[in-house]
Amino acid sequence: MRVIFSEDHKLRNARTELSGGELVPPFEAPFRAEWILAAVREAGFTDVTAPAKHGLETALKVHDAGYLAFLETAWERWEAAGYRGEAIATSFPVRRTSPRIPTDIDGQLGYYCNAAETAISPGTWEAALSSMSSALDGADLVAAGQRAAFSLCRPPGHHAGIDSFGGYCFINNAAVAAQRLLDKGAAKVAVLDVDFHHGNGTQDIFYERGDVFFASLHGDPAEAFPHFLGYEEETGTGAGAGTTRNYPMGRGTPYSVWKVALDDALKQIAAYGAEAIVVSLGVDTFEKDPISFFKLTSPDYIDMGRKIAANGVPLLVVMEGGYGVPKIGLNVANVLKGISG
């Protein structure tokens, strides 16, 4: 299985995250990718290549053009405004506020932000582009006939919506990859999100579309970030009616319960007729993850990979979350082992 990985992820190295009312070192940091890369290589996945540099043509099909333009210049404008810290949103459009987009960078941060824990820092845009490029190269491999590929994306992407960033995410890598597969000839694609946190950005992008089926297994949004999407009754609308499936689960969920939801999601994807699956792989379902509350163990990830591969369609695995403990690398490698048989 080819692994696509860009050293440019290191350009995203924020110093601050708002957590529990404090500014703390971010949970999403460069060491995550280094742990994962070392573990997958040790597991025998040594075919590692850097991605080509891609433009925004595919991203513009899933993201708002004004939003991408904001991301591209946000840090430069923040610095030019004289701010000394990293760019953190402080004011947000909420119920009964004006739909107008502010011209001031501080106002635009709030307009385009969906979670204030995520600061924009030097190199964020460049790292997000490299992450997106890894996803696009993976999609191209799958479209060309590869059975499976792994895009080791960092920063992650599944919380980035049509026109919003947050949850450490800026460009939605899985959504861009799904769009690329459609552009390369697939009629129907599925995005299977197994990250602990609901893929609210991916749901936002595809909720009214019928050509991408989105299934997410995640912590109950009543108790877990991102809180405002991911309930069972959200099933799509318009052309996308019936093409969204959410599986919210409570505190302490073990693999024996979690895998029942996975089996159903895979059944729904098969019935939909997906010609390829993009897996938004988060291993923050691990029992020792510091910001999650499921109880999966390392051996469970091998079985997870086997189940996903059993659907028999080409797979692109796109890296999302998993934090704080070196075993996130082992857990990712175990998923790839399961997929590879």
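Modeller: A residue is buried under 20% relative accessible area, exposed over 50%, and partly exposed in between, with a 1.4 Å probe and protein chains only as cover. The model is predicted, so local features need pLDDT of at least 70 and side-chain atom pairs pLDDT 80 or more, while totals for chains, interfaces and linings use all residues. Residues are numbered from 1 along each chain as its sequence is written, and side-chain values use heavy atoms, without hydrogens and water.

Biologist: Why is H158 called buried?

Modeller: H158 has 2% relative accessibility. The cut-off is under 20%. Therefore H158 counts as buried.

Biologist: Where is H158, and which residues does H158 touch?

Modeller: H158 is in the loop between β5 (148-151) and α5 (173-183). Helices (H or I, at least four residues) and strands (E, at least two) are DSSP runs, numbered from the N terminus. Contact means heavy atoms within 4.5 Å. Beyond four places in sequence, the contacts of H158 include C169, D193, D195, H197, H198 and E320.

Biologist: Is D284 buried or exposed, and how do you know?

Modeller: D284 has 0% relative accessibility, so D284 is buried. The loop between β9 (277-281) and α8 (298-309) holds D284. Setting aside neighbours within four places, D284 contacts D195, F196 and H197, among others. D284 and F294 are 10 residues apart in sequence, with their C-alpha atoms 8.1 Å apart.

Biologist: What makes D220 partly exposed?

Modeller: D220 has 23% relative accessibility. That value falls between the 20% and 50% limits, so the middle class applies. D220 is in the loop between β7 (212-219) and β8 (244-249). With residues up to four places away left out, D220 touches Y231, P248, M249 and F293. From D220 to R41 the C-alpha distance is 34 Å, across 179 residues of sequence.

Biologist: How many aromatic pairs are there?

Modeller: The whole structure has 13. Rings of Phe, Tyr and Trp (its six-membered ring) pair if their centres lie within 6.5 Å; planes under 30 degrees apart are stacked, over 60 edge-to-face, and the rest tilted.

Biologist: Why is the pair of W78 and Y83 called stacked?

Modeller: The ring centres of W78 and Y83 are 4.1 Å apart and their planes are at 20°, so the pair is stacked. W78 is buried, at 6% relative accessible area. Y83, at 35%, is partly exposed.

Biologist: How do you know how F165 and F170 pair?

Modeller: F165 and F170 have centres 5.8 Å apart and 20° between the planes, a stacked pair. F165 has a relative accessible area of 0% and is buried. F170, at 1%, is buried. Ring pairs join F165 and F170 with Y67, F70, Y111 and Y112 in a cluster.

Biologist: What is the radius of gyration of the protein chain, and how is it judged?

Modeller: The radius is taken over C-alpha atoms, and the globule rule is 2.2 Å times the number of residues to the power 0.38. For 341 residues, a compact globule would be near 20 Å; the protein chain has 18 Å, which agrees. The C-alpha atoms fill a box of roughly 55 × 45 × 40 Å along the principal axes.

Biologist: What else describes the protein chain as a whole?

Modeller: The protein chain has nine helices and 10 strands. Of its 341 residues, 56% count as buried. Among contacts with a separation of 6 or more, 77% join residues 24 or more positions apart.
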